[in-house]
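Thank you all for making time this morning.

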Amino acid sequence: MQNFWQQLLSANFIISMLTSSVVLAMPLLIAGLGETFAERSGILNVGVEGIMLFGALSGFLGARLSGSPWVGLICGILAGVLMSLLHAYLTITVVADQVVSGLSLNILSLGLSVFIFRAFYGLAGQAVQAPGFDPYSIPVLSRIPVIGPILFQQQPLVYVGLLLVPIAYFILFRTTFGQQVTAVGEDPRAADSMGVDVIRIRYASVLIGGATAGLAGVFLSLGELHSFSELMVGGRGYIAIAVVMFGRWNPVGALLAALLFGFANSLQLYLQAFSITTLPPQVLNSLPYVVTLLAVISGIGKGFIPSALCVPYKRGD
Amino acid sequence: MRHDVENNESMVKQVASDPRSDSVRPGSKHPKEAFKSVFLRALETIGRPLVSILIAFIVAGILIALTGINPFAAFFQFFQGSLGSKNGIAETLVRATPLAFAALGVAVAYRAGVWNIGAEGQIFMGALGATMAGLYLPPMPLLVHLPLVLLCGFAGGAIWGGLAGIFKARFGANEIIVTIMMNYIAIFIVSFLVTGPMKDASGMIPQPQTVELPASALLPVIISGTRAHAGTIVLIGVVAFVWFFMYRTSTGYELRSAGANPDAARHIGINVLNTVVIAMAISGGLAGLAGANEVSGVQHLLTQDISSNYGYLSIAVALLGGLNPLGVLLSSIFFGVVYVGSESMQRAMNVPVEMVYIIQGLVIVAMLLRQLGQRRKG
């Protein structure tokens, strides 16, 4: 028992656990930020999971074929935009059911990603490596004790993710576009009568969600392992949707929610790796889901949910 | 969100917008005209999914051609493997059966006005219920044991689905988030049990799975020499039962009324909150039967991956089947063919087996796209 606390409370242990929390939170945060836009405009995209996978693959291919992870990054984002364009077209123009469209994206993307990957590298493709992002210590800041290693000795995409929070916050709450997004998601008819182009705003919001989901996918393939596997996303897309709801459709809320999920995940990994606890891994693994479930049931997000979420809009109805 | 599907699918709307429409006979029209309209409607009912399937196959064929494989030879293997032999047909049934159970559940919930995207978790809980009944009940003959196993499978899924219904009805929780979270929790529960308390510790390298169920808890094989099992026969009975329940009982009527028009249903004294819970419980129970079917008919034990995405695919199956019991049956057979056919394409032609998901995804996208053409015409 004494050993347990010694290990748990040693500074190195805590710092490395928090560092990995930030890394594990990042894909959830990045995808969640864009999904916040989509949902605030009234379009739920359950297809985040699939877009992330397709983004991870495109990023990997781009980096491998060009030799630069930054080209991979652009490919991943473009792939995300392209996939979300299908969702936008189906849900906004065709006015198809948002849940069905999102799920079909997930199924299609799972098939396409693995199919393309196999076509390139065959069955042994998981060993294929691409040039990825390596940790970059920010001068001065990285030497701050405790905070330095946790926040400023990470790979570049972590900084991108953290920077996206204030950017998203600014766009949503301090620009006309952001206010139009919210207006469209609250009451599309009223927004339309005020001269807001509902269709255009919704398309833009869904595409923003696609871009960040693609970026989150690149984070997984090029940021961590520098390789691709179809199991890479493993449900993170769905957790990103929970992050949005748990974060009350606010970028700062999404940051906190993502960090909470990242922390729970990292805690579980570390307790497991150091066999500090006899608690079965599944108990800790399921914590984020249980917490989200309780949050949704207790109505924490209520009053914040965009009124027109999942409500299609047709002019002249 | 249920609303817009209804608006767009004229066929669905026919039934959903007026629960009494089945009892309204086209007697007012001239008989010949009535026959013609029924004929056209039937043609449309079958034709719409067929066009989507055709589009999906054309796109899939182009993809196959891009990888340098002859698509016609590949598709020959596809149908040869899935429908061209006794074993192929048996495997198609093995794949179609769990999908049909779960999709039937999705259709029931949809009719009552709720999306059940929690089928995946409900399949796991159903599989767990069936396994517990299979392993922990005292020895008894098959005719008693097997029904109990299936019943406990239904119960496991019904509890999980019903809980989601209660969360929605009593706490106003968003059912999409609730069911997605409950999917993961169910998978973790099963994973915990099969790696811990219920793990089969015997054997040289213990696997994360339970011991095999006794023979009295297993669905017997119906085509000798293959894996086709009696779960398919149970399915046909359940389809008939669900149809009778939904369209010939007062509870079914209340469910459909609440789904078609909640305000009107409330007005005539139907407790819409109750119907949500009942619908989710039945829907979950049917998904649970899919889990029981996998345990008792296919795997004969419980593992961590008892459902291969069946829960999520079942929504696609239900949609392709026009969200009615008979359509779901046909559409699940199609999805079974895609599974087995793709596996056979991989074996014979080296086409990646993930073609399964490409074809299934494309079919749904094509179904959704066709709504646009429909609206323009209307």
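What you see here is a predicted model, and in it the contact between the two chains draws 45 residues from chain B and 39 residues from chain A. On the side of chain B that touches chain A, at least two residues each come from helix 1 (2–8), helix 7 (142–171), helix 8 (175–195), helix 13 (310–320) and helix 15 (355–377) of chain B. Which helix gives the most to that side? Helix 15 of chain B does, with 13 residues. Sorted by class, the side of chain B that touches chain A holds 34 nonpolar, 9 polar and 2 charged residues.

Let me stay with chain B for a moment. Chain B has 15 helices and 0 strands, and of its 378 residues, 54% are buried. If we take the contacts in chain B with a separation of 6 or more, 76% of them are between residues 24 or more positions apart. Helix 10 of chain B, residues 250–260, is largely enclosed by the rest of the structure, because 8 of its 11 residues are buried; among them are B:E254 and B:R256, together with B:L255.

Finally, a helix pair in chain A. The axes of helix 2 (residues 11–40) and helix 12 (residues 251–273) of chain A come within 7 Å, crossing at roughly 140°, and the crossing of these two helices is right-handed. Their contact comprises 17 nonpolar and 7 polar residues, with no charged residues.

Conventions: Residues are numbered from 1 along each chain as its sequence is written. Chains are lettered from A and ligands numbered from 1 in the order in which they are written. This is a predicted model: local features need pLDDT of at least 70, side-chain atom pairs count only at pLDDT 80 or more; totals for chains, interfaces and linings use all residues. Two residues are in contact if their C-beta atoms, placed from the backbone, lie within 7 Å. Helices (H or I, at least four residues) and strands (E, at least two) are DSSP runs, numbered from the N terminus. Ala, Val, Leu, Ile, Met, Phe, Trp, Tyr, Cys and Pro count as nonpolar, Asp, Glu, Lys and Arg as charged, and the others, Gly among them, as polar. Axes are lines fitted to C-alpha atoms, for helices over the stretch in contact, and angles run from 0 to 180 degrees between N-to-C directions. A crossing is left-handed if the near helix is turned anticlockwise from the far one by less than a right angle, and right-handed if clockwise. A residue is buried if 20 or more other C-beta atoms lie within 10 Å of its own, exposed if 12 or fewer, and partly exposed in between; C-beta atoms are placed from the backbone.
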